[in-house]
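Trainee: Can we go through this one together, a point at a time?

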Amino acid sequence: MPSTSGKKKGPLLPAYLIVGANELMRNEAVARMKGRLEPGLDVFNLDERAASADLSAGDIVASLNTVPMGAGPRIVLITEADRLPKPVSEAIIEYLKNPNPGCTLCLVSEKLAKNTRLYKALAKVGPHSVVDCAPKKRWELPKTVLKMGSVHGVQIDQDAAEELISRVGESTTMLDTQVKTLASLCRATGRVTRADVEAHVVRTAEVKPWDFLDAVCDRDAARALGLYQLMQKPSQIALTSLLTGRIRELICARSLASRGQANDLAQRLGKQSWQVKNHLRWSRRFSDEDLRRALCACADCERSLKTGGDPDITFVRLVMEICGAT
């Protein structure tokens, strides 16, 4: 979609499909589209509707063929496009064979299968006619949160971004809302710390096992146990297995670092680089003996859990021992 920055805007294509589960990206794309309307004439040149069973193919085609007022363009915006009645989608496919040059159709949808006739017709309109709003990967979100902070006028610490994602979840819309609130609360300092997030953001997302593992690797017993208590019906045996695997990875990290081969860690563990980005830092929080004892403690914990030991007491004792809090 053409930029709405200070650079000269290129002409709009006859149609666009804004599609993907990232609601914030969809909303921003729609805002850019509406920003192309001529000021003062948007009430005449914007026809915005939500797809529904009673949507008429004749009405949509008539709107698409309407000549814009002023210099244009005219925009017909239809949300929830995956719910378009078949007669309407077929009419749009036919219309795109000879579209009105003064009008741009913009379909918005959380999902629309690529093998549908409608998707294929929209993709043929031009190389940038499909605006991909796929959700960010979990590992990409901290960088996204940092950018959100810049937009709202504050600097967000890396660990604050991680904590915010842990508490709020992966919805970019929810994250942006919380960043905006934090920016307002921290305007005096211009910086958002993890303590600010912990003080002002209520946890709404379910605790993920890797958040718990990361806290243990930081040897932050209070945070690790706090996350453990928030888990819904956790399997102590499964968590012990995950901890065992993570401890082994840290042993590998320390070993490679001692040989000057730290850059080989991801390859040796068969992981992506983003998956081990903190391993070297975490490994430096332990001595070789600490990690050896932690591995033995995991084995003892698993044995106790499988032979009838109290799950909570046994597992909490393990976490305390690994974190050095005993």
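Trainee: Which residue with a positive phi follows helix α10?

Mentor: The model is predicted, so local features need pLDDT of at least 70 and side-chain atom pairs 80 or more, while totals for chains, interfaces and linings use all residues. Residues are numbered from 1 along each chain as its sequence is written, and side-chain values use heavy atoms, without hydrogens or water. Helices are DSSP runs (H or I, at least four residues), numbered from the N terminus. With phi near 60°, the residue after α10 is Arg219.

Trainee: Which elements do the buried residues of α10 pack against?

Mentor: Buried means under 20% relative accessible area (1.4 Å probe, protein chains only). In α10 (209–217) these residues are Asp211, Phe212, Leu213, Ala215, Val216 and Cys217. Contact means heavy atoms within 4.5 Å. Their partners are α7, α11, α12, α14 and α16.

Trainee: How is α6 oriented relative to α7?

Mentor: Their axes, lines fitted to C-alpha atoms over the stretch in contact, have angles running from 0 to 180 degrees between N-to-C directions. The two come within 9 Å and cross at roughly 110°. Since 65 to 115 degrees is the range for this class, α6 and α7 are roughly perpendicular.

Technical notes: Angles under 35 degrees count as roughly parallel, over 145 as roughly antiparallel, 65 to 115 as roughly perpendicular and the rest as oblique. Buried means under 20% relative accessible area, exposed over 50%, partly exposed in between (1.4 Å probe, protein chains only).
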